[in-house]
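The entries follow in the order I made them.

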Amino acid sequence: MTAPTVTLRDLTPEDSGRIHAWRNSEAVRSYMYTDHLISPDEHARWFAGIAGDDRRRYWIIELDGRPVGLANLYDIDRRHGRCAWAYYLADPSTRGLGLGSYVEFWMIEQVFGPQGLGKLWCEVLASNEAVWKLHERHGFVREACFRRHVMKDGIAVDVLGLGLLAEDWAQRRDAMAARLAEKGFEVP
């Protein structure tokens, strides 16, 4: 079995409508802090705000040339050598292929390689067990539990804070690369 071709490419203006639809889909919205339907105007303001903001970077995740999700770095802080990140796979049919693990590997490499930062962190709804366990497999350490931190459908839910240091990744990288290669992925 041949692994799919995965590419992370920079956003273009043509991606705006697709991202708006993804952000409003139940598959994505249920795991985001924002769970209301995002209006076209609200989305347009958000999308326009991405341009020229050096504290954020966004990539479209493509599977065999087909856009299937979004990955981003945010709160890029060069003074403190850290940033946060998030991603989503908007097409539920892409789950279970190892794509999330590939995207995670690629993003970590970006942060500790070209971005030259020393820490990557993220926040995950505590109920999103598959994602926080994926982060932990890549070496992230749970650093916080923000109790009743976000309102989802009118209910306060917990959020986990996870962090990965460059030196921790250096120890975990080869094992994670081997796992991806076993699945047929070309390691970036």
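I began with the lining of the largest pocket, which by class has 24 nonpolar, ten polar and nine charged residues. I counted Ala, Val, Leu, Ile, Met, Phe, Trp, Tyr, Cys and Pro as nonpolar, Asp, Glu, Lys and Arg as charged, and the others, Gly among them, as polar. The model is predicted: local features need pLDDT of at least 70 and side-chain atom pairs pLDDT 80 or more, while totals for chains, interfaces and linings use all residues. Residues are numbered from 1 along each chain as its sequence is written, and side-chain values use heavy atoms, without hydrogens and water.

I noted a volume of about 1,200 Å³ for the largest pocket. A pocket here is an open set of points on a 1 Å grid over the protein atoms alone, where a 1.4 Å probe fits, with protein on both sides within 12 Å along at least five of seven lines; lining residues have an atom within 4 Å of a point. The volume is the space filled by probe spheres set on the points, which are joined across faces, edges and corners. Of its 43 lining residues, Tyr-31, Ala-86, Tyr-87, Tyr-88 and Asn-128 are the closest to the centre.

I then looked up the second largest pocket, with a volume of about 180 Å³. Its lining includes Asp-10, Phe-47, Arg-56 and Tyr-58. I sorted that lining into six nonpolar, one polar and four charged residues.
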